[in-house]
Amino acid sequence: MERLVIEGGRSLRGEVEINGAKNAAVAILPAAILASENKCLIDNIPDIEDVHCLERILKGLGCSVNKIDRNTLEIDATTIASVDACTEDVRRMRASYYFIGALLARFKEAKVDLPGGCPIGVRPIDQHIKGFEALGADVTIEHGAVRVKAENLKGANIFFDVVSVGATINVMIAATLAEGTTVLENVAKEPHVVDVANFLNSMGADVKGAGTDVIRIKGVDSLKGCNYSVIPDQIEAGTFMIAAVATEGDVLVKNVIPKHLESISAKLIEMGAKVEEGDDSVRVYVEGPLKGVNIKTAPYPGFPTDVQQPMSTLLSSVAGRSIITESIWESRHKHIDELKKMGANIKVEGRTAIIDGVKKLTGAITKATDLRAGAAMVIAGLIAEGKTEILSIEHIDRGYPHIEEKFKALGAQITRIETE
Ligand code: EPZ
């Protein structure tokens with residue numbers, strides 16, 4: 001077990017390189033099993049625990065996975081030997097549900113344990129199932145595993161009841177090898193949805209419209225391996241932008257797509273921070289006082305739920321009242337109790353956090369209650385007076401590559417230490 005120890009009070013200064021997008025990579029790796037010919041060479045993969053988990057699951061299915069370097073994997077799925085993904089790794093993480101769509105597309109059957117993931121609310125997969133059934137699959141849930149089986153997958157028109165990143169990507173993957181055309185409506189438009197569509201097209205799929213409300217997939221006979229580079233992580237970038245403002249620093253956040261960060265940049269500017277966009281970077285700094293703002297999370301291009309928690313830390317030390325309304329996940333305010341231990345003045349009412357900014361936070365022993373909550377606590381430690389310890393950092397390692405190295409390079413005093 002490890003923990004992070006932070007001595008707060010230093011402004012972050014310098015440059016940080018953003019890694020590939022976790023939520024794109026965790027769909028692209030399972031989708032790589034669609035290649036019945038040739039290998040996939042995928043780079044800009046973040047070096048995080050969720051990716052390590054997927055590597056193990058791929059190997060368990062019989063794929064050969066070759067780590068070329070920290071961020072590049074070569075996957076050979078021509079050797080795949082099983083359609084059964086029922087392991088502890090599958091149960092631990094959310095994105096393992098993409099194996100259902102990928103195995104169903106290529107082998108017309110799969111047995112995959114129900115996924116785990118961050119405890120941020122009820123996380124049903126009914127929309128995934130609705131999509132698979134519309135394509136012609138029989139879907140049953142037995143002993144905690146999803147079984148899917150089809151004689152033949154046939155294109156269909158599917159209107160999702162809710163906008164879901166996971167269901168959009170999963171059904172898009174499943175439809176790539178179906179007979180005829182599939183039309184998906186009311187889909188998610190997140191940058192990682194577009195990235196997965198681009199990856200599928202690089203393999204020979206015919207997917208059009210990703211990034212809009214309607215995706216059209218013309219089924220093809222087979223898919224091949226390809227070379228692909230994952231897009232930069234919008235959420236990791238947002239986390240560093242927020243940390244720069246929270247510490248009243250000056251940070252150049254590099255290897256990003258500024259367009260993907262617009263909703264975050266707009267809120268920081270509304271607060272009084274400075275954000276300067278470059279071609280593939282954003283410089284974030286503070287000049288003058290900041291003020292509280294109101295935020296409501298929404299599917300892309302709205303304000304991302306995944307940076308709401310880091311944002312609440314920043315707002316906890318900004319003068320005035322801020323209100324954050326979480327509209328995607330009903331339990332994504334669990335970190336607020338941890339922030340309160342550090343002196344934050346926040347009241348949670350249902351999905352809303354009412355934040356009255358305090359002059360300073362003070363260091364305390366805290367814990368990461370989930371992935372982004374962990375990032376929120378790191379930022380809290382960076383701005384707090386004195387020492388902060390963060391426990392349960394395995395949550396952070398699931399999604400942020402080498403977080404302490406990156407913050408240290410920006411001048412933070414942060415150390416990872418072994419704990420009992
Ligand atoms: C993805 O989760 C991300 N995870 C989450 O990021 C992110 O918070 C979320 O999308 C929203 O952007 C991955 O990509 C691995 P959804 P996902 O399906 O796909 C409801 C992080 O911090 N819903 O878009 O599970 C659901 O309850 C993680 O990196 C259904 O009702 O989210 C929620 O209210 C945490 N039925 C809403 O839709 C379904 O079948 C959006 O969920 C599916 C979802």
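This briefing covers aromatic pairs, charges over rings and an annotated site. The model is predicted, with local features needing pLDDT of at least 70, side-chain atom pairs counting only at pLDDT 80 or more, and totals for chains, interfaces and linings using all residues. Residues are numbered from 1 along each chain as its sequence is written, and side-chain values use heavy atoms, without hydrogens and water.

**Aromatic pairs**

- There are 3 aromatic pairs, where rings of Phe, Tyr and Trp (its six-membered ring) pair if their centres lie within 6.5 Å, and planes under 30 degrees apart count as stacked, over 60 as edge-to-face and the rest as tilted.
- One of them joins Tyr 97 and Tyr 98 edge-to-face, at 4.8 Å centre to centre with 80 degrees between the planes.
- Phe 199 and Tyr 228 also pair edge-to-face, at 5.4 Å and 70 degrees.
- Phe 199 lies in helix H7 (residues 191-202) and Tyr 228 in strand E16 (residues 227-229), so this pair ties together parts 29 residues apart in sequence; helices (H or I, at least four residues) and strands (E, at least two) are DSSP runs, numbered from the N terminus.

**Charges over rings**

- Arg 123 lies over the face of Trp 329, at 4.6 Å from the ring centre, the criterion being NZ of Lys or CZ of Arg within 6 Å of the ring centre and within 35 degrees of the ring normal.
- Arg 283 lies over the face of Tyr 285, at 3.9 Å from the ring centre.

**Annotated site**

- An unreviewed UniProt entry places the feature "binding site" at Lys 22 and Asn 23; such annotations may be inferred rather than shown by experiment.
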